[in-house]
Amino acid sequence: MTVAAWIIIIILFAVGMAGAVYPVLPGALAIYAAFFVYGWMIGFEPFGLWFWLIQTTIVAVLMVADYAVSALGVKKFGGSRASVVGSTIGLLIGPFVIPVAGLLIGPFLGALIGELVAGTQLRQAFHAGIGAVVGFFSGLVIKVAFQLLMIILFIVWVLRY
């Protein structure tokens, strides 16, 4: 049972880290789910109130920051709400239309098209597209860092027990 638990936990960690890049995967929620798998299959003993408060706070921060950082990138480059919505749609659709490259092209084109539909000139729309890509990469760095922190804290708590 312990081996099966660790296999599931590692798979959930991998899915979580992949979710930092691919927005259709659960990301931090998969990592959070791994903690429950450990608890149900091995035991909740290592985890106390502080563990759950810290991990839940990190998940909440990641959920808010995921959208906010991308939107901030678009806004810093002069984009409007239309480009924020467009870049979000592009980020969700891009990887399916153009695997791998769609992660960059999707948000860029989404923001560009969003701005053009809103009546913005091409140059400003292009800048908003660049902002969407910058926002995506900034968000990616934050998500990877915090999700690694979640995993490290889990390992520390389990080893400490």
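Here is a short chat about a predicted model of one protein chain.

Q: What helices and strands does the chain have?
A: This is a predicted model. The chain has 6 helices and 0 strands. Read along the sequence, the pattern is α-α-α-α-α-α.

Q: What does the C-alpha trace span along its principal axes?
A: About 60 × 30 × 15 Å.

Q: How much of the chain is buried?
A: Buried residues are 43% of the 161 residues.

Q: And the accessible surface of the chain, what does that come to?
A: About 8,600 Å². Carbon and sulfur atoms hold 79% of that surface.

Q: Switching to the inside. Which residues touch the most other members in the largest nonpolar core?
A: Ile 9, Phe 13, Phe 35, Phe 47, Phe 51, Met 150 and Phe 154. The core has 23 residues.

Q: Which elements give two or more residues to this core?
A: Four are listed: α1 (2-21), α2 (28-41), α3 and α6. The top contributor is α2, with 8 residues.

Q: Take Phe 35. What is Phe 35 in contact with, leaving aside neighbours within four places in sequence?
A: Phe 13, Phe 44, Phe 47, Phe 51 and Phe 154 are on the list.

Q: What other core lies apart from the largest one?
A: One of 5 residues. Among them are Ala 71, Val 74, Val 84 and Ala 111.

Q: Back to contacts across the chain. Of those with a separation of 6 or more, what share comes from residues 24 or more positions apart?
A: 65%.

Q: New topic: holes. How many cavities of 30 Å³ or more are there?
A: The structure holds 1. The space in the largest cavity is about 30 Å³.

Q: Which residues line the largest cavity?
A: Asp 66, Ser 70, Leu 91, Gly 135, Phe 136, Gly 139, Leu 140 and Lys 143. Two elements give two or more residues to that lining: α3 (49-76) and α6 (122-160).

Q: Which element gives the most to the lining?
A: That is α6, with 5 residues.

Q: How does the lining divide into nonpolar, polar and charged?
A: There are 3 nonpolar, 3 polar and 2 charged residues.

Notes. Residues numbered from 1 in each chain as written. Predicted model: local features only at pLDDT ≥ 70, side-chain atom pairs only at ≥ 80, totals over all residues. Heavy atoms only, no water. 1 Å grid on protein atoms, 1.4 Å probe; cavity = no way out; pocket = protein on both sides within 12 Å on 5 of 7 lines; lining within 4 Å. Points joined across faces, edges and corners; volume = space filled by probe spheres on them. Nonpolar A, V, L, I, M, F, W, Y, C, P; charged D, E, K, R; others polar. Core = buried A, V, L, I, M, F, W, Y, C linked by side-chain atoms within 4.5 Å. Buried < 20%, exposed > 50% of the residue type's maximum accessible area, 1.4 Å probe, protein only. Contact = heavy atoms within 4.5 Å. Areas by Shrake-Rupley, 256 points an atom, 1.4 Å probe, with all protein chains shown as cover.
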